[in-house]
Amino acid sequence: MKQRHLLDIRHFTLMRNPMVWMLLACLTVCGSVSAQECAEVLMETSEGNIRIRLYNETPLHRANFLKLVKAHYYDSLAFHRVIKNFMVQGGNRNSRLSATVSPDVAALGALDYTIEPEFRLPQLFHKRGTVAAAREGDDVNPEKRSSATQFYFVWGRKFSERAMEFTESRLSHELTPEQREAYMTVGGTPHLDGSYTVFGEITEGLDVVERMQNVETDTTDKPLQPILIVRATVIKE
């Protein structure tokens with residue numbers, strides 16, 4: 001899906017409103033009403049509901065995530081890794097709190113495959129509220145292939161202009177003006193761009209993720225009190 005450029009909003013003071021930026025970013029990715037609509041998933045958690053829009057630009061990850069949701073794979077899993085001001089990670093089958101596994105989940109098999117990366121810079125990047133695929137490190141995964149099941153919600157931090165300049169000087173790629181503006185007004189984790197596939201974003205429930213990333217954790221970043229995915233369902237395909 002070809003990127004649609006709405007307008008140069010860098011010169012508008014409206015751009016300083018994070019919610020406006022996130023709305024315009026969604027429109028840029030998913031296109032106009034007449035264009036192909038994006039699939040959406042509702043994730044009901046013990047902390048509240050999160051609505052996720054899946055990007056058409058990452059079809060392999062979109063199809064895989066929809067397959068797992070339809071099979072109820074994520075139901076009863078816990079978010080097993082939480083790092084304040086960074087991210088909230090889930091999808092590890094070993095975090096399942098229920099002792100029973102549904103036939104649909106069992107039919108998925110080992111789920112030990114990986115997914116080809118779908119980096120779509122500069123259009124899709126790690127701004128706060130995006131959803132990205134976790135993966136094993138470069139030492140054992142130089143192709144940066146994504147985990148079949150594990151994902152994370154991006155939180156990160158908001159950058160001052162000076163901090164943004166310093167961060168960009170350490171990146172292997174140059175940020176666009178739109179990316180810089182998003183990282184300074186919305187927040188995110190720019191150092192992950194081009195290394196992990198961003199395949200969706202949260203359209204409702206960012207306050208839920210904020211609560212999640214603030215919970216107390218142990219030395220392995222596991223929440224002391226489990227944060228549960230009650231169920232995940234496809235609400236638009």
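**Salt bridges and a buried alanine**

Visitor: What is the relative accessible area of Arg231, and is the residue buried or exposed, or in between?

Guide: This is a predicted model, in which local features need pLDDT of at least 70, side-chain atom pairs count only at pLDDT 80 or more, and totals for chains, interfaces and linings use all residues. Residues are numbered from 1 along each chain as its sequence is written, and side-chain values use heavy atoms, with hydrogens and water left out. Buried means under 20% relative accessible area and exposed over 50%, with partly exposed in between (1.4 Å probe, protein chains only). Arg231 counts as partly exposed because its relative accessible area is 38%.

Visitor: Which residue forms a salt bridge with Arg231?

Guide: Side chains of opposite charge can pair when their charged atoms come close. A salt bridge is a side-chain nitrogen of Lys or Arg within 4 Å of a carboxyl oxygen of Asp or Glu. For Arg231 the N to O distance is 3.0 Å, and the partner is Glu44. The two lie in distant parts of the chain, 187 residues apart: Arg231 in strand 10, and in strand 1, Glu44.

Visitor: How many salt bridges does the structure hold?

Guide: One of them pairs Glu37 with Lys236, at 3.8 Å from N to O. Glu37 sits in the loop between helix 1 (18-30) and strand 1 (40-45), and Lys236 in strand 10 (residues 229-236), 199 residues away. Helices (H or I, at least four residues) and strands (E, at least two) are DSSP runs, numbered from the N terminus. The number of salt bridges in the structure is 14.

Visitor: Is Glu168, the salt-bridge partner of Arg180, buried or exposed?

Guide: The closest N and O atoms of Arg180 and Glu168 are 2.8 Å apart. Arg180 belongs to helix 5 (residues 177-185) and Glu168 to helix 4 (residues 161-169), 12 residues apart. Arg180 is partly exposed at 22%. Glu168 has a relative accessible area of 16% and therefore counts as buried.

Visitor: Which residues does Ala232 touch, leaving out those up to four places away in sequence?

Guide: Ala232 is in strand 10, and its relative accessible area of 1% makes it buried. Contact means heavy atoms within 4.5 Å. Under the sequence limit named, Ala232 touches Val41, Leu42, Met43, Val69, His72, Tyr74 and Asp75.
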